[in-house]
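Work through the exercises below with the sequence and the model open. Try each task before you read its solution.

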Amino acid sequence: MALLHDDRLFPADPTTRDIARRLYATVRNLPIISPHGHTNAGWFTSNEAFPDPAKLFIQPDHYVHRMLYSQGVRLEELEIGKPVIENPRAVWHIFAKHYYLFRGTPSRLWLDYAFQEQFGMTERLSEKTADLYFDTISEKLATPEFRPRALFESFKMEVLATTDAATDPLTDIQTLRAGDWKGRIIPTFRPDSVVDPEFAGFLENIDKLGQISNEDTSSWKGYLNALRKQRERFKSLGATATDHGHPTARTADLDDEECEALFATILNGDADEDDAEIFRAQMLTEMAKMSVEDGLVMQIHPGSMRNHNFEIFEKFGRDMGADIPTATDYVHALQPMLDIVGNERDLTIILFTLDETVFSRELAPLAGHYPALRLGPPWWFHDSFEGMMRFRETATETAGFYNTVGFNDDTRAFLSIPARHDVARRTDCAFLARLVAEHRLDEDEAFTLAQDLTVNLVRAAYKL
């Protein structure tokens, strides 16, 4: 038996399903383009075998351990945060015992895809099959075919973008570029740690930024120059985009004197929450202006209340599955920035949201007007068949297909990348098939769109 049905996610109606099958057949084996994610470039530098199934599937995937934690499994039992898992088989057994929790979730689709397509499993994971899975996966991980570079190539990956702090030395990226391996791994400039006054270690990060850029970051002018230099450094190592994970989408347009005064307040440690928010807002505008100068694509990922569970944050740090979506305003928040750069035809700003209520009300109308704006795919909590379908249904009528940017997987779990792209391809083909069956789109147009949504739009949007 197979873990997954060949017609998964396709329409139940036979006529529409046949159209979806034909569309999917043309995109199924196209290369994977991953322009935004959080995988580790060091995997490909060392090209060492992944140590064990728990380290590969459980520890890096907050979708997995947040579900287990919600049902009473302690993160200590999963050895979360440890550089080496001491009892990987025991951790795996906990996961297998609770695998039923993932029924009907996107994680179940992703995991079963990896288990079936990459490891040849045919019987569902459970407490009964835990050792079979652990031993089979462990055995394959020890083979050359399952080293990171070999997997990159077997996944037919065209490009993989990491996400890196503005002060990151990018040592692994440099090593890869200097070597003879042809896999394309590129960095993405993420300046949150030096533009968000509420980021842990912010003042120390500002000092570090000054040291590595040889600029005086105690002055507003020197600070901006340091950021420009780091952006150019990232660009010289292959970066095509920046990424901004702010609490809100607020932007601002302060004059130079106001900026200098606010920056001084921030550095003096006298800033309150309002000062921090207006500073982040101004920095989104500054980053957009720099993107006009240097051509880097700008991604904005707002609307997550990070580290909602403070006890977990204190014990384990960031990215432990306790980030929660919040309502987000875009229309008023983005206007100061759009008044300056929104009409730039050579600028690309990709907007993401965790607030689905804004797709048809705010984001699609904005992207359907401003030349600089594009809509990113459903993100994080909405990276699912239902989330992607809701996005297509609510955004297409106003923004069309060509003000969107295809798909990106935004993952830390390397083996989930092919599964996530497969879900996106199947979902788009299902949506296009319905339009054809309802005579809202000709079939030849649907075949063109399937290719565009899979590879062409993402290459164009991210300048790949």
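Helices (H or I, at least four residues) and strands (E, at least two) are DSSP runs, numbered from the N terminus. The model is predicted: local features need pLDDT of at least 70, side-chain atom pairs count only at pLDDT 80 or more, and totals for chains, interfaces and linings use all residues. Residues are numbered from 1 along each chain as its sequence is written, and side-chain values use heavy atoms, with hydrogens and water left out.

**Exercise 1.** Find where L9 lies, then state its phi.

Solution. Start with the location: L9 is in the segment before helix 1 (14-27). Next, take the backbone angle. L9 is not a glycine, yet its phi is positive, about 75°. Most residues other than glycine have a negative phi.

**Exercise 2.** Which strands pair with strand 2?

Solution. Apply the rule: two strands pair if DSSP finds at least two bridges between them. Strand 1 (residues 32-34) pairs with strand 2 in the parallel sense, over three bridges. There, S34 stands opposite L160 of strand 2. Strand 4 (residues 185-186) also runs parallel to strand 2, joined by two bridges. Here A161 has I186 of strand 4 as its bridge partner.

**Exercise 3.** Why is strand 2 described as largely enclosed?

Solution. Strand 2 covers residues 157-161. Four of its five residues are buried, so the rest of the structure largely encloses it.

Conventions:
Buried < 20%, exposed > 50% of the residue type's maximum accessible area, 1.4 Å probe, protein only.
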